[in-house]
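Student: I am new to this structure and would like to learn how to read it. Please show me the model, and then take me through some features one at a time.

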Amino acid sequence: FLGDPQLLREYPCFRDARGLVRASMPVYGVREQLMFPRVHDADAYHFPHYNVPFGLRRPFFVTVHDLIHLLFPEFVASRPKRWLGRHVLLRAVRKALALFTVSERSRRDLVEVLGVAPERVVVVPNAVSETFRPLSPEAMELARSAMDLPQRFLLAVGINKPHKNLRFLVEAFCQWRRRAGSDMRLVLCGPRLEDKGELLATAAEGEVAGHVIVLPYMDHRR
């Protein structure tokens with residue numbers, strides 16, 4: 001495994017891993033491209049993202065999670081980032097021995113948008129961390145009480161990036177709740193503090209202000 005050993009060992013699956021190669025460098029940075037460590041006895045590399053170093057001469061596999069920055073370029077911060085992201089992705093897709101992706105939707109995007117041969121793409125859904133496990137009723141009640149959560153609620157987890165469209169989720173929840181006459185609540189976990197006001201204001205416009213709860217980001221490893 002290549003990466004920052006201290007950070008890798010924060011994850012249970014890496015704590016007992018042998019053969020960690022130190023590669024502490026920012027993603028999408030110059031160091032990543034120019035100083036990527038070479039493992040001379042490796043038959044091939046696997047990159048869990050498409051930021052494959054340009055100078056790599058060994059065979060490799062790559063995981064492409066989605067094509068968000070190609071399909072929705074308006075969500076990418078700047079034109080240079082869009083150009084660089086597209087260039088790096090296309091090179092990785094073209095040169096990889098095979099591609100992994102995490103959903104059937106992304107597999108179709110790779111085939112239809114980038115013209116990748118279907119037989120080169122394998123769908124491997126994301127695994128679930130061992131920290132996600134059934135809790136005892138007592139533990140669940142303790143967590144519910146600590147976060148002041150209702151007995152029944154819909155949960156959406158994620159940061160408020162534009163393509164996550166949490167505002168639309170709140171609007172849809174407002175309409176559904178009015179039509180269904182349900183007492184269900186919507187809990188959003190992960191939006192930044194500065195986004196909380198906007199999401200609650202959207203709930204207020206839909207007349208369900210007291211039925212949308214915004215929680216901060218929570219580390220699932222704790």
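Student: How many residues apart in helix α7 are F173 and W176?

Tutor: The general idea comes first. An α-helix has 3.6 residues a turn, so residues three or four places apart point the same way. In this predicted model, F173 and W176 lie three residues apart in helix α7, and therefore about one helical turn separates them.

Student: What kind of aromatic pair do F173 and W176 form?

Tutor: Read the distance between ring centres, then the angle between ring planes. A search of the whole structure gives six aromatic pairs. The pair of F173 and W176 is tilted, with 6.1 Å centre to centre and 35° between the planes.

Student: Is F173 buried or exposed?

Tutor: Compare the relative accessibility with the cut-off: buried means under 20%. F173 has 5% relative accessibility, so F173 counts as buried.

Student: Which residues form one aromatic cluster?

Tutor: F36, Y45, F47 and F60 form one such cluster.

Student: How do the axes of α7 and α8 cross?

Tutor: For two helices, read the distance between the axes, the angle and the handedness. Helix α7 covers residues 166-180 and helix α8 covers residues 193-205; their axes come within 9 Å and cross at roughly 25°. Angles under 35 degrees count as roughly parallel, so α7 and α8 are roughly parallel to each other. Their crossing is right-handed.

Student: Which residues in α7 meet α8?

Tutor: On the α7 side they are L166, R167, V170, E171 and C174, and in α8 they meet E198, L199, T202, A203 and E205. By type, the residues of this contact divide into five nonpolar, one polar and four charged.

Student: Where is Y28 found?

Tutor: Y28 sits in the loop between β2 (21-22) and α2 (30-34). Its relative accessible area is 48%, so Y28 is partly exposed. Leaving aside residues up to four places away in sequence, Y28 touches H49, Y50 and N51. As for R167, it is 139 residues from Y28 along the chain, and the C-alpha atoms of the two are separated by 29 Å.

Student: Is S106 buried or exposed?

Tutor: The reading is done as before. S106 belongs to helix α5, residues 104-114. With 7% relative accessibility, S106 counts as buried. Its contacts, not counting residues up to four places away in sequence, are H65, D66 and T101.

Student: How many residues of helix α6 are buried?

Tutor: To judge the cover of a helix, count its buried residues. Helix α6, residues 137-146, has 10 residues, of which one is buried, and the helix is hardly covered. Just after α6, D148 takes a positive phi of about 55°.

Student: What does the secondary structure of the chain come to?

Tutor: The chain has eight helices and nine strands. Along its principal axes the C-alpha trace spans about 60 × 40 × 35 Å. Of the 222 residues, 32% count as buried. To read how the chain folds back on itself, take the contacts between residues at least 6 apart in sequence: 48% of these join residues at least 24 apart.

Notes: Residues numbered from 1 in each chain as written. Predicted model: local features only at pLDDT ≥ 70, side-chain atom pairs only at ≥ 80, totals over all residues. Heavy atoms only, no water. Axes fitted to C-alpha atoms, helices over the stretch in contact; angles between N-to-C directions. Helix = DSSP H or I, 4+ residues; strand = E, 2+ residues; numbered from the N terminus. Parallel < 35°, antiparallel > 145°, perpendicular 65-115°, else oblique. Left-handed = near helix turned anticlockwise from the far one by under 90°. Contact = heavy atoms within 4.5 Å. Nonpolar A, V, L, I, M, F, W, Y, C, P; charged D, E, K, R; others polar. Phe/Tyr/Trp six-rings, centres within 6.5 Å; stacked < 30°, edge-to-face > 60°. Buried < 20%, exposed > 50% of the residue type's maximum accessible area, 1.4 Å probe, protein only.
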